[in-house]
Amino acid sequence: MKKVAITIPCYYSKKNIVNVVNEIHDVFKDKEEYDLLVFCINDGSTDETFDYITELSQQYDFVSGFDLSKNYGQATGRLVPLSYIDDIDYLIYMDDDGQHDPQDIFRLIEKVDEGYDVVYANFPDKTHSFMKKLASNINTAIMHYSVGKPKDVHLSSFYAINGMMVEAIKSYKSPFPTMLGYIMQVTNKITNIDAVHRSRIEGHSGYNLKKMIRLWMDGFVNFSIVPLRISSFVGVAVAVIGFVSALFMICKKLFIGGVANGFTMMFSAFMIIGGFILVSLGLIGEYLGRIYLTISDMPQFNVRRKVIAKKLEGKL
């Protein structure tokens, strides 16, 4: 029997999560070849989301729930159940809003069985808003240039990984998790399947501009020194331009004359160079801050409450 675990980060989804778990139960109830576990992570929601998860755990023997002490973010929420997963064959990540069809889980699994370590669902026709699509495209571009994501691989929050990847991710202890960045350090056997992106059951996305910027920053600086290299290249370019400009002005004054004192040019040059220096210092500070917080054992997350699936009782 193959062991399948499904992790669902939840954020203000007290009604959505019930429908999602019920649908998962319906598609797996006749699949006797799979041993199912579902982990619902309440990521700091202050409504009754965890109460609904608790009721689901009482209704189904395969549902576990974790109530995080604050909103840590979707990437962190995906790491929470790893210590409760042993000898798993497939780990599936999906959203709490009903936009991912549980029937596609089996297609993800089939693709993993072809020898891939990670399989993402690709949605050719997304139902997201324009801003959400734009943010997603920006994040994809950042992932490509910072960690080397293959151009032909399309990212989404609905994907499957195999048992080898589960064991590898268990050792990931950074308080600033970027799942794809870590995955790219472990494997390049990544692919897609096409899937239908359904309409959200209820509510709206929990991602705002602040969270998007945080996501982009994590993707830009985690597992990559590309920003520092960009700063170095720009610094060299600015220095070369400054040297050539100075040489040109000296030659013009010596051989042609009539060089006027240009306050505007000097002011612009100082502003450009000064701005670049401040940006470079900010990047260096971001790296140093993350290093400091990581070696200071900053916790990835803290669990306030939890309910463990009945089928896991006595096994932990």
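One thing to keep in mind as we go: what you see is a predicted model.

Now the overall inventory. The protein has ten helices and eight strands. Of its 316 residues, 43% count as buried. If you take the contacts with a separation of 6 or more, residues 24 or more positions apart account for 85% of them.

Next, let's find the sheet. In what order do the eight strands sit? Reading across, the order is E7-E5-E6-E4-E1-E2-E3-E8, in an open sheet with mixed pairing. The edge strands are E7, residues 190-194, and E8, residues 303-307, and each of these pairs on one side only. From one strand to the next, the twist averages 20 degrees.

Let's zoom in on strand E1, residues 2-10. Nine bridges join E1 to strand E2, residues 34-42, and the two run parallel. Why can we call E1 largely enclosed by the rest of the structure? Because seven of its nine residues are buried.

Staying with E1 and E2, look at what they pair with. Helix H1, residues 16-28, packs on the sheet and touches E1, E2 and strand E3, which covers 63-68. The direction of H1 makes about 165 degrees with that of E1. Helix H4, residues 104-113, also packs on the sheet. The strands that H4 touches are E1, E2, E4 (90-93), E5 (118-122), E6 (159-162) and E7, and its direction makes about 145 degrees with that of E7.

Which residues of H4 are buried? They are Asp104, Ile105, Phe106, Leu108, Ile109 and Val112. Here is a handy rule for reading such a list: an α-helix has 3.6 residues a turn, so residues three or four places apart point the same way. After H4 comes Gly115, whose phi is positive, near 115 degrees.

Back to the sheet, and to strand E6. Both of its faces are covered: Tyr159 and Ile161 are buried on one side, and Ala160 and Asn162 are buried on the other. How does E6 run relative to E4, parallel or antiparallel? E4 and E6 pair in the antiparallel sense, over four bridges, and Tyr90 stands opposite Asn162 in E6. E5 and E6 run antiparallel as well, joined by three bridges. In that pair, Val119 stands opposite Ala160 in E6.

Which residues make the nonpolar surface patch of about 550 Å²? The patch is made by Ile273, Ile277, Leu281, Ile284, Leu288 and Ile291. Take Ile291 as an example: this residue lies in helix H10, residues 263-295.

Technical notes. Residues are numbered from 1 along each chain as its sequence is written. This is a predicted model: local features need pLDDT of at least 70, side-chain atom pairs count only at pLDDT 80 or more; totals for chains, interfaces and linings use all residues. Side-chain values use heavy atoms; hydrogens and water are left out. Two strands pair if DSSP finds at least two bridges between them. Axes are lines fitted to C-alpha atoms, for helices over the stretch in contact, and angles run from 0 to 180 degrees between N-to-C directions. Contact means heavy atoms within 4.5 Å. Patches are made of residues with over 30% relative accessible area and no salt bridge: like charges are joined within 9 Å, nonpolar side chains (Val, Leu, Ile, Met, Phe, Trp, Tyr) within 5 Å. Accessible areas come from the Shrake-Rupley method with a 1.4 Å probe; for residues, only the protein chains shown count as cover. A salt bridge is a side-chain nitrogen of Lys or Arg within 4 Å of a carboxyl oxygen of Asp or Glu. Buried means under 20% relative accessible area, exposed over 50%, partly exposed in between (1.4 Å probe, protein chains only).
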